Amino acid sequence: MISEKMEAALNEQLNKEFFSSYLYLSMAAYFENKGLPGMANWMKLQAEEEHQHGTKFYEFIIKGGRRIKLTSIEEPKFEWTSAKNAFEESLAHEQFITKSINELTDLAIQEKDHATKTFLQWFVDEQLEEEATVQQIVESFKLVSDHPAGLFMLDRELGQRMQGAAE
Ligand code: OFO
């Protein structure tokens, strides 16, 4: 059985995943308003993926014989200075989540909780992917600079993202 301490930490991570979903949905709405439907599509799918991450924690906590404690989800930001700025903040957010997953893994190791450690391994790998994907998008923004044609192309490219694909 998962310890009480681990239960609290997993519930906290569940909240962070749902906050991530909320944050990316807010970014999607920002892009819709800026006339960038491809980026909006990319962020909407990202928001759905984060919702699935939260649900994975939900299932695991239940399976571990513990209770779900849903807490308030912080209000996400509403405005960014540019599309590039939104993706830079997405990268910073993913780095924060990676740190959080690593700390959870440290706790599982400390508690000799092998089941939780194995469960978290999927998230360790996922964070590596997510950071790399967003980093690559941020690099593309640097190449495009502020050229409208480049931004248009990048928007079209990000609009190609399909459900379940990270790019
Ligand atoms: Fe859940 O991976 Fe992003 O935050």
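Which residues does M39 touch, not counting residues up to four places away in sequence? In this predicted model, local features need pLDDT of at least 70 and side-chain atom pairs count only at pLDDT 80 or more, while totals for chains, interfaces and linings use all residues. Residues are numbered from 1 along each chain as its sequence is written, and side-chain values use heavy atoms, with hydrogens and water left out. With that exclusion, M39 touches F31, A83, F87, F141, L151, L154, D155 and L158 (contact: heavy atoms within 4.5 Å).

M39 also belongs to the largest nonpolar core, which has 25 residues; M27, F31, M39, M43 and F87 have the most contacts inside it. Such a core is a set of buried Ala, Val, Leu, Ile, Met, Phe, Trp, Tyr and Cys residues joined through side-chain atoms within 4.5 Å, where buried means under 20% relative accessible area (1.4 Å probe, protein chains only). At least two residues of this core come from each of helix 1 (4-33), helix 2 (37-63), helix 3, helix 4 and helix 5 (148-158); helices are DSSP runs (H or I) of at least four residues, numbered from the N terminus. Helix 1 gives the most, with seven residues. Another core, of 18 residues, lies apart from it and includes M6, A9, I97 and A108.

E111 is found in the loop between helix 3 (83-110) and helix 4 (114-144). Its contacts, not counting residues up to four places away in sequence, are S3, K5 and M6. The C-alpha atoms of E111 and R156 are separated by 47 Å, the two residues being 45 residues apart along the chain.

Definitions and conventions. Buried means under 20% relative accessible area, exposed over 50%, partly exposed in between (1.4 Å probe, protein chains only).
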